[in-house]
Structure formats: C-alpha cells, structure tokens
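Reader: I would like to learn how to read the spaces inside a protein model and the ligand site that goes with them. Could we take one case and work through it?

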Amino acid sequence: MEFEVWIKKKAEKVEEYLSASIPEEDNPQRVIYEAMNYSLMSGGKRLRPVLMMGAYEIFGGNDDDVLPFACAMEMIHTYSLIHDDLPAMDNDDYRRGRLSNHKKFGEATGILAGDGLLNKAFETGLEAALKGRLDLRRCVKALSAIASSSGADGMIGGQIVDMYGHEKVNSLEDLKYMYSLKTGAIIKSSVAAGAILGGADEEQQKCLELFAEKIGIAFQIEDDILDVTSTREKLGKAIGSDIANDKVTYLTFKSIEQSMKDVEQFTDEALKSLEIFGDKAKHLRELALYLTRRDH
Ligand code: GRG
C-alpha cells in the first residue's frame with residue numbers, strides 16, 4: 001500500500017476512535033467533556049498512535065486490537081500540550097491552529113481537561129487490556145512503559161529540566177538529555193508498546209527502541225528548525241517562540257544547516273536499526289522519512 005494511503009487510513013482510524021471516546025453526556029460536569037474533546041479533536045498529526053500501529057503491524061497484528069493503546073498515547077500527548085500552553089508554563093494562546101485550551105475554557109478548566117485526558121488514557125488502555133483480545137501480560141507491560149515514559153523519569157522530568165533550562169542545560173549533551181525525556185520518552189514508548197503488544201522478542205524490541213530514540217531526537221531538532229523557518233499558518237501556533245522565550249534549543253549550539261544535516265544523520269541511523277525487519281518495516285521506514293519532510 002502506498003505510504004500516503006497507509007498513513008491516512010491509520011490516522012482516520014485514530015480520529016474515529018478518539019471521537020467516540022469521550023461522549024458529551026448531559027450532566028453537571030459536561031463542560032469537562034467539551035474541554036477534553038476540544039483539544040483532543042483539534043487535528044494533531046497523530047504521529048504517536050501511528051508509530052505504535054506501525055510497530056505493531058510488523059508482527060502481523062490487527063489494527064483494532066492496538067487502537068485503544070495508540071489512542072491512549074494520543075490522550076497523554078494532548079494533555080501535555082494543554083498543560084504546556086498554560087500561563088504557568090509556556091503561556092501560549094494558540095495550539096493546533098485554534099485558541100489554546102485555557103484561552104477557550106479558562107485556566108482551571110484547562111488544568112482539569114489535561115488531568116481528565118491523562119486519566120482517560122489509562123482508563124482506555126486498562127479497559128482494552130481487560131476486554132480486548134490481546135494477552136493481558138503484554139497489555140500490562142505496554143501500559144507500564146507508557147506510564148513511566150510520561151512520568152517524572154520521562155516527559156514530566158524533561159519538562160522540568162526544560163523549565164530550568166539556563167541552569168540545567170549548558171551543553172549539547174544536556175540538551176539531548178532533556179529532549180530524550182521531554183519529547184523522546186513518549187515517542188519511544190509508543191514504538192515500544194507496539195512492539196510489546198505485537199510480541200517482539202528481545203532483539204526485535206531493542207532494534208525498535210533504538211529506532212524510536214533516533215527518530216525522537218530527529219523529530220525534536222526538526223521542531224526547533226521549524227520554529228524558525230515555518231509559518232504561523234502551517235504550525236498552528238506562533239513561530240519564533242523559542243527565541244522570544246529565550247529558550248535553549250538545538251539551534252543554540254548548531255547552525256540551521258548543521259541541524260538539518262543532523263536530522264538526516266539521526267534518521268539514517270534510525271533506518272539502519274530497522275534492517276532486521278526487512279520489508280515488514282517499510283511503513284515505519286517511510287514514516288521516519290516523512291517526519292524529516294514535515295513542515296508543521
Ligand atoms: C506539561 C507535563 C507536561 C509536559 C509537556 C511534550 C511537552 C511536555 C510539551 C509540548 C511542547 C513541545 C513543543 C514539545 C516538544 C514536542 C513536540 C514537538 C510536540 C508537538 O508534537 P506534534 O508535532 O504535535 O506531534 P501535534 O499537534 O501534531 O500532535
């Protein structure tokens with residue numbers, strides 16, 4: 001199947017599943033469902049769920065079985081974006097081309113919408129573990145990887161290091177460490193969870209995790225480049241925000257040209273780690289290349 005068709009179909013399945021996940025019941029807490037859906041259904045690229053589905057596909061599994069876990073990851077990612085935009089964090093008014101959650105619903109509701117999505121993620125994954133067709137032990141292992149990657153030793157840890165950037169990030173190595181947690185950890189666990197659920201053996205698991213680490217850093221460098229070279233329309237949020245906020249980024253240490261070369265280098269390394277899978281990993285391979293070509 002052509003890659004464009006493949007990725008479109010996967011993303012459509014994610015949209016469909018997510019859109020049915022949080023029914024807006026007519027009860028006194030209805031506004032929380034609206035606030036959660038507002039951000040969840042605001043047109044993200046759905047990269048993390050598609051990565052999980054791509055890794056799972058290598059082992060021959062069926063999309064429907066992995067979909068709840070993939071969507072759980074997108075819920076966690078969306079919660080992190082809502083909280084990242086809050087006045088106490090990056091204080092951004094726009095996200096995914098529309099008002100950020102707290103700008104639309106107010107700060108307290110924005111915080112709760114993020115919290116609600118985090119809980120909904122694990123509710124979704126646990127329900128799938130209990131009611132789905134996949135081996136329960138694999139499900140628990142995958143959910144455990146997802147949980148730890150989004151916690152204090154993963155995404156939240158990375159966010160903290162980022163917040164104290166000028167104290168904690170003084171070298172490229174420091175920056176890569178911060179990125180490996182803030183952005184890399186949930187990209188890695190998306191791929192890792194797909195592999196675990198698919199039944200990867202130890203070597204296969206290792207290769208896929210290495211692939212994810214490499215695309216994670218490439219993705220973040222690309223994000224730093226786009227903050228300078230893209231447009232507000234394409235990004236769906238203000239450009240130049242890293243410089244405006246005096247952020248330490250990859251471009252603090254390297255030129256744009258060198259950063260672009262580094263994206264290619266990390267992507268090449270990612271592709272190498274898929275070699276053992278041959279043609280079975282062709283979509284994951286194309287996904288890695290697609291990430292380097294993205295403009296938002
Ligand atoms: C607040 C707990 C907490 C964590 C925040 C991930 C994160 C940590 C903040 C998001 C801000 C940011 C720019 C992170 C870098 C990773 C990144 C590029 C996120 C955007 O991901 P995309 O491009 O977004 O996949 P879409 O909208 O397409 O889903």
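Author: What follows goes through the ligand shell, the pockets and the cavities of this predicted model.

Reader: How many residues surround the ligand, and which are the closest?

Author: A shell is read by distance, and here a residue belongs to it if one of its heavy atoms lies within 4 Å of the molecule. In this model 19 residues surround the ligand, and the closest are Lys45, Arg48, His77, Asp84 and Arg96.

Reader: How much of the ligand's accessible area does the protein cover?

Author: On its own the ligand has 710 Å² of accessible area, and the protein covers 91% of that.

Reader: Where does the ligand sit, and which elements give two or more residues to the shell around it?

Author: The ligand sits in the largest pocket. The elements that give two or more residues to its shell are helix H3 (47-57), helix H4 (63-85), helix H8 (155-163), helix H10 (172-198) and helix H11 (202-229). H4 supplies the largest share of the shell, six residues.

Reader: How do the residues of the shell divide by class?

Author: Six residues of the shell around the ligand are nonpolar, seven are polar and six are charged.

Reader: How much space lies in the largest pocket, and which of its lining residues are closest to its centre?

Author: The largest pocket holds about 1100 Å³ of space. It is lined by 48 residues, of which Leu81, Asp84, Arg95, Asp223 and Lys237 are the closest to its centre. Two or more lining residues come from each of H3, H4, H8, H10, H11, helix H12 (232-235) and helix H13 (241-244). H4 has the largest share of this lining, seven residues. By class, the lining has 15 nonpolar, 14 polar and 19 charged residues.

Reader: What is the space in the second largest pocket, and which element gives the most to its lining?

Author: About 410 Å³ of space lies in the second largest pocket. Among its 18 lining residues, those closest to the centre are Ser180, Gly184, Ala185, Lys188 and Glu213. Helix H7 (136-150), H10 and H11 each supply at least two residues of the lining, and H10 gives the most, with nine residues. Seven of the lining residues are nonpolar, six polar and five charged.

Reader: How many cavities of 30 Å³ or more does the count come to?

Author: A cavity differs from a pocket in that a 1.4 Å probe fits but cannot get out. The count comes to two cavities of 30 Å³ or more. About 80 Å³ of space lies in the largest cavity. Its lining has 13 residues, and Ser39, Ser42, Ile82, Arg95 and Asn101 are the closest to its centre. Helix H2 (30-40), H4 and strand E2 (98-99) each give two or more residues to this lining, with the most, four residues, from H4. The lining of the largest cavity divides into four nonpolar, five polar and four charged residues.

Reader: Which residues line the second largest cavity?

Author: The second largest cavity has a volume of about 30 Å³. Leu47, Arg48, Leu51, Ile187, Phe219 and Leu291 line this cavity. H3 supplies the largest share of its lining, three residues. By class, five of the lining residues are nonpolar, none polar and one charged. Arg48, listed here in the lining, is also one of the residues closest to the ligand.

Conventions:
Residues numbered from 1 in each chain as written. Predicted model: local features only at pLDDT ≥ 70, side-chain atom pairs only at ≥ 80, totals over all residues. Heavy atoms only, no water. Areas by Shrake-Rupley, 256 points an atom, 1.4 Å probe, with all protein chains shown as cover. 1 Å grid on protein atoms, 1.4 Å probe; cavity = no way out; pocket = protein on both sides within 12 Å on 5 of 7 lines; lining within 4 Å. Sits in = over half its atoms within 2 Å of the grid points. Nonpolar A, V, L, I, M, F, W, Y, C, P; charged D, E, K, R; others polar. Points joined across faces, edges and corners; volume = space filled by probe spheres on them.
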